[in-house]
Amino acid sequence: MSATVGVVTFPGSNCEHDVAAALELLGASARLVWHASDDLRGLDAVVLPGGFAHGDYLRPGAIARFSPVTGAIARFAAEGGPVLGICNGFQVLTEAGLLPGALRRNAGLRFICDTVTCEVASQASVLTAGVPVGTRLRLPINHYEGNYTCDAATLARLEANGQVVLRYVKNPNGSTASIAGVANEAGNVVGCMPHPERASSALLGSEDGLVLLGAFLGACAPSPRRLGQPSASAAR
Amino acid sequence: MNFEVAVEVRGLEGIADPEGQTIERALPALGFAGVRNVRVGKLVRFALEASDEEGARREVEEMCARLLANPVIERASITIAPAP
């Protein structure tokens, strides 16, 4: 049985169909979930796609934290459900307190639209499980606020726990320790600035993103156990 | 009581502020040679009804901690004045 993945759509999301298409290419079923819904029943995993949720007002992700779906995602994550935030989705997960750190404006104050080389830095996440450390992937980045920032103590903890899952080979945006993707301590919540869904076909310049999305789907054990039982959320 | 509130949000000290650095490099070109430590932030202004100034301040501090600033990268300073 193939996994069913919820692709969250906020007002201003713009990568939800790309993510759904890439997941379907890998044999999964994708279901768009509107941000006003808090019903994640029947889903094996959730992806927060890129875009500009709520216009990125105040700070990227700051308002998306209050969408009903974000509380449901916090509960889903607390139960161990796989959650992936891509680009703006990563920003939403940090603002929601589901991932450590924050994403600031790029060091050069330019919006970057490029394809960059990233290296898998840890297998301890649903995005990189089974992908050998050191694997190099060509992935597109498209962001203005992709400069990952955290304090020294948090960075030391992330490195020690293997929570830095993806690193830029050549730092494009000033990110602390060239971080392109991080996971939570349990490894079931991951955020990354690069867009694996846009590297899903050789015709698009790279199909390296399928390595990550394939690992993510591999980490989804389709099961009825995640039925949205309320539990502690991580709102700050 | 009605209050006028201004919340200034800026990056934590020690975190690079590339916008501030760029402005700092530009000002000497106009002859302003003595400028140092330029920091760029944002200003949020609003009106607030509260029983007294202390209560207003407590409320605004909570707004800052929970929404107006991201404590990982920013800090906020609050100015409160009685509305004229």
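In β2(A), A:Trp34 is the bridge partner of A:Thr9. The model you're looking at is predicted, so local features need pLDDT of at least 70 and side-chain atom pairs count only at pLDDT 80 or more, while totals for chains, interfaces and linings use all residues. Residues are numbered from 1 along each chain as its sequence is written, and chains are lettered from A and ligands numbered from 1 in the order in which they are written.

**Strands in chain A**
- Strands β1 (residues 4-9) and β2 (residues 29-34) of chain A pair in the parallel sense over 6 bridges; pairing takes at least two DSSP bridges.
- Strands (E, at least two residues) and helices (H or I, at least four) are DSSP runs, numbered from the N terminus.

**The sheet in chain B**
- Here 3 strands make an open, antiparallel sheet in the order β2-β1-β3.
- Its edge strands, β2 (41-49) and β3 (74-82) of chain B, each pair on one side only.
- Strand β1 (residues 2-11) of chain B and β3(B) share 9 bridges in the antiparallel sense, with B:Val9 opposite B:Ala76.

**Cores**
- The largest nonpolar core has 75 residues, and A:Val5, A:Val46, A:Val47, A:Ile86, A:Val165 and A:Phe216 touch the most other members.
- Such a core is a set of buried Ala, Val, Leu, Ile, Met, Phe, Trp, Tyr and Cys residues joined through C-beta atoms within 7 Å; buried means 20 or more other C-beta atoms within 10 Å of a residue's own, with C-beta atoms placed from the backbone.
- Helix α2 (residues 68-78) of chain A gives the most to this core, with 6 residues.
- A second, separate core of 9 residues includes B:Phe3 and B:Val7.

Methods: Buried ≥ 20, exposed ≤ 12 C-beta atoms within 10 Å, placed from the backbone.
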